[in-house]
Amino acid sequence: MSTQPLTPAAEASTSPTSAGASPRVFSLFCLGGYLLSMSYGTTFLLALLVASRGGNEGDTGLIISTAIVSTIVAVILSGHASDAVGAPRAVGVSGLILSASCLGFALVPGVGQSMRICGLLLGCGWGAFYTLGPIIVAAIVEPARRIRYFALLSGSMMSGIGSGPILGRGAKLLGWPLEATYWLAAATSLCGALIFFFLHEPIRRITATQGAARATRLSWASLLRVLQAKAVFPIAMVGLGGAIFGGLSSFQTAYAAAKGLDFSIFFIGFMGAAIGCRMLLSGIVVRQNPHLAAAVLTFLVVLSIAMFRFLVSDWPSYLLASVTLGVGYGLTYSVINGLAANEAPQGETPQALLLFSLSYFIGVFGYPLLAGHLIVAQGIPALLSATMLIALGNFAIALGRLLPRLRAMARQTTG
């Protein structure tokens, strides 16, 4: 099998998916993604749920660590599930698992082993959906439009994640117990699962026009082929970006406390900017050179961390730094997601996207573990300095990929 990736234009010319990915199908797809993502958003309320049952932060950490392990395992095995029953059905099953997890959080007493099992289910369901969602999009959308559609999907997912805590706030205002939030999340996950089961046949008809079905599962041979292709660069970048996001979001409470600020400002600014950019500005970004866009957006991330380190002193500057991070990170993710799909070896786009998700989870979960020790030993400034180095590394990759293309364009112009 050739290891040379199709260019977006070349692959689009050989793919009939442009005629099949109807707005109705994709709208239902995003709605399903939004509904499933609410269950993951309720993880931000786990500390409150555990405390209400007499537990502490250590108990919450055990539940989340169980979810981390099962998430990574689910990412690796999701391709096998997709090959066995079809990607939409596999996502539907993941929705049922998410629903069961939320029901468990609502029903099980105490904070013992049963709660950790619920965390395990949460990780399994979320890891599978997070991985297979973009793989389905890559199968039904031609390469030239993937960045735009990836942005719409990820915007829907982030909106769902943000809605999870809002459900909890709404339940509190209505005088309902916190468990009601998990009942609602279980219901939304069930509805999302039903949508994906319904979409199985329409998506099967779209992908059937491509001829023989492509395997989704990851093997050592496909792993090596992807890592030897240009797709390795966006895969590395999403891991670094995930580390930045995980490190900054996990310790905003400590950062805000040190500055005498309200940490909710960060989440309002970051989430609002990231969701808004993915939903409203991705159509503009997709028309630009993706390598130029990646370089500009990763520089914005560098700038935002410099603002957190040296500029933030009051809530307006805190909000500005958070919004800058949301714009840079939110749009970078969509751009490099499209690059990972379009620069994969021919026929191995699903494997590239699977590795893309795995790299993200390693970064978003792995770096906070190191960052916590760094904060204890040297404080918040050390965390920001280390995160700045990661952001500069990400910018260097983007710039290193852009400069040869700019030089080639300059030679063509002068020639």
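Predicted model: local features only at pLDDT ≥ 70, side-chain atom pairs only at ≥ 80, totals over all residues.
Started with Pro368: setting aside neighbours within four places in sequence, I find it in contact with Gly246, Gly247, Ser250, Phe251 and Gly363.

Where does Pro368 lie? I looked it up, and Pro368 lies in helix H15. Buried or exposed, then, is Pro368? Its relative accessible area comes out at 11%, and the cut-off for buried is under 20%, so I put Pro368 down as buried. I also checked Pro368 against Leu261: they are 107 residues apart in sequence, and their C-alpha atoms are 21 Å apart in space.

Next, helix H9, residues 220-227. I noted Ser222, Leu223 and Val226 as buried there. Looking down the axis of H9, I see the buried residues fall within an arc of 105 degrees, so they line one face of the helix. What covers the buried residues of H9? I found that the cover includes H10 and H15.

Last, helix H16, residues 380-414. I did a length check: 35 residues at 1.5 Å a residue should span 51 Å, and the end C-alpha atoms are 49 Å apart, which agrees. I then went through H16 for buried residues; among them are Ile380, Leu384, Met388, Ala391, Asn394, Ala398, Arg401 and Leu402. Which helices do the buried residues of H16 pack against? I have H10 (232-250), H11 (252-259), H13 (290-311), H14 (315-342) and H15 (349-378).

Notes. Residues numbered from 1 in each chain as written. Heavy atoms only, no water. Helix = DSSP H or I, 4+ residues; strand = E, 2+ residues; numbered from the N terminus. Expected span 1.5 Å × (residues − 1). Buried < 20%, exposed > 50% of the residue type's maximum accessible area, 1.4 Å probe, protein only. Contact = heavy atoms within 4.5 Å. Arc of directions from axis to C-beta.
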